[in-house]
Amino acid sequence: MADDPQEGGGEVSSSRERTSRATTKAKPAMHIDQIMGKIGGFGRYQVFLILCISIGGSLYAAVQNLSTTFVEANGRWYCISQQCANETGMVIGKSSYDMVTLCRAIKKIEREEWSWENGNHTALTDYDQACGSQTIVTKILYFIPGVLLGGIVFGIMGWSTGRKTPFLSALLTSMVASVISAASREYILFVILRILLGASIAGYEVLYFCWAMELVGRKWRPLAVGIQALFWSAGLAVVYFINMTFEYWRYKMVYVGIVSLTFIFVYAAVPESPYWLLAKGQEDQATTVLKRISILNGCRFPDCTLSLPSIKTREKVVSLFQPRFRRIGWLLMVHWFLVGMVYYYIHLSLRRYGPEPTDFYVDQN
């Protein structure tokens with residue numbers, strides 16, 4: 001008895017489907033680092049992305065960090081009475097930046113016997129914080145608790161929600177803190193806002209470094225970091241010109257805060273990290289980002305599936321003290337502590353090196 005043609009056709013169709021599925025299953029899996037290398041590594045589109053992140057991230061963070069030197073700089077003061085002149089050795093009416101001399105005599109003279117120079121307004125003069133620990137409290141709070149808090153909070157957000165959303169949150173937080181601090185009339189509110197600003201900028205820095213490195217091939221990551229460092233240096237020049245343009249510290253803060261809104265283009269132009277998407281199991285979105293990079297780089301996307309080493313368990317804080325992390329971790333801690341201590345000491349103490357050498361850098365006159 002002959003076989004039923006329909007049954008035979010069904011077997012052929014079923015065989016073809018099995019062959020198709022086998023072919024699909026046989027599609028090779030490639031590690032995302034390998035794919036990055038094949039789609040350009042550091043192609044023209046990735047150069048564009050790194051420049052966007054460097055301008056909106058590194059340069060802006062440098063401006064906010066280094067503006068502290070001018071916003072909280074010492075102001076010019078002068079003696080009004082002969083008693084003040086005798087105690088400080090200054091000439092009546094002659095202004096000076098020498099806060100050390102004023103602070104040595106501050107307990108021997110009345111507040112009415114000296115004054116800040118008109119037109120030389122900083123946060124220090126506006127809040128009349130002349131001597132003692134209060135003159136540096138905002139700098140300490142800005143760079144230590146604020147930065148520590150921001151690094152932790154935005155670091156956690158960067159892992160749980162991606163790079164883009166926390167980046168935008170940090171940007172908007174810094175903008176709001178800058179503008180409101182410029183309008184604040186109470187010293188305590190100013191201090192709180194400086195802590196918030198420090199937290200947002202620290203989180204900003206944590207995010208944009210990771211974001212940039214995850215958009216290029218592995219061997220190009222040192223170059224990506226180097227480009228960001230160059231834009232950080234460019235931020236030094238930008239801070240100088242802002243200070244030359246706006247003498248009053250409140251205007252500087254408002255200007256920096258409002259200009260930060262222009263960096264929202266980074267959020268719009270730069271895609272989410274494909275590494276983070278893949279680590280979170282969003283393979284389709286990660287593939288879309290990688291294909292976009294390959295197309296704009298003019299490269300062919302390989303016919304493969306993505307792979308990334310699976311994260312079986314979440315590492316705990318104590319894991320940092322295991323042998324595989326301990327040596328590297330302690331070396332990094334010591335290195336960054338020493339570098340940060342020297343860098344920020346110089347950064348926050350420019351005025352201690354004399355009243356004249358930094359005049360060209362701190363005011364227009």
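S95 lies in the loop between helix 5 (82-88) and helix 6 (99-105); helices are DSSP runs of H or I with at least four residues, numbered from the N terminus. The model is predicted, so local features need pLDDT of at least 70 and side-chain atom pairs pLDDT 80 or more, while totals for chains, interfaces and linings use all residues. Residues are numbered from 1 along each chain as its sequence is written, and side-chain values use heavy atoms, leaving out hydrogens and water.

**Around S95**
- S95 touches R76, W77, Y78 and E117, leaving aside residues up to four places away in sequence; contact means heavy atoms within 4.5 Å.

**The disulfide**
- The whole structure holds 1 disulfide, a pair of cysteine sulfur atoms within 2.5 Å.
- C79 and C84 form a disulfide with sulfur atoms 2.1 Å apart.
- The link of C79 and C84 is left-handed, with -60° about the S-S bond.

**Helix 3 and helix 12**
- The axes of helix 3 (residues 44-66) and helix 12 (residues 221-245) come within 7 Å and cross at roughly 45°.
- Helix 3 and helix 12 are therefore oblique to each other; angles under 35 degrees count as roughly parallel, over 145 as roughly antiparallel, 65 to 115 as roughly perpendicular and the rest as oblique.
- Axes are lines fitted to C-alpha atoms, for helices over the stretch in contact, with angles from 0 to 180 degrees between N-to-C directions.

Conventions: Helices (H or I, at least four residues) and strands (E, at least two) are DSSP runs, numbered from the N terminus.
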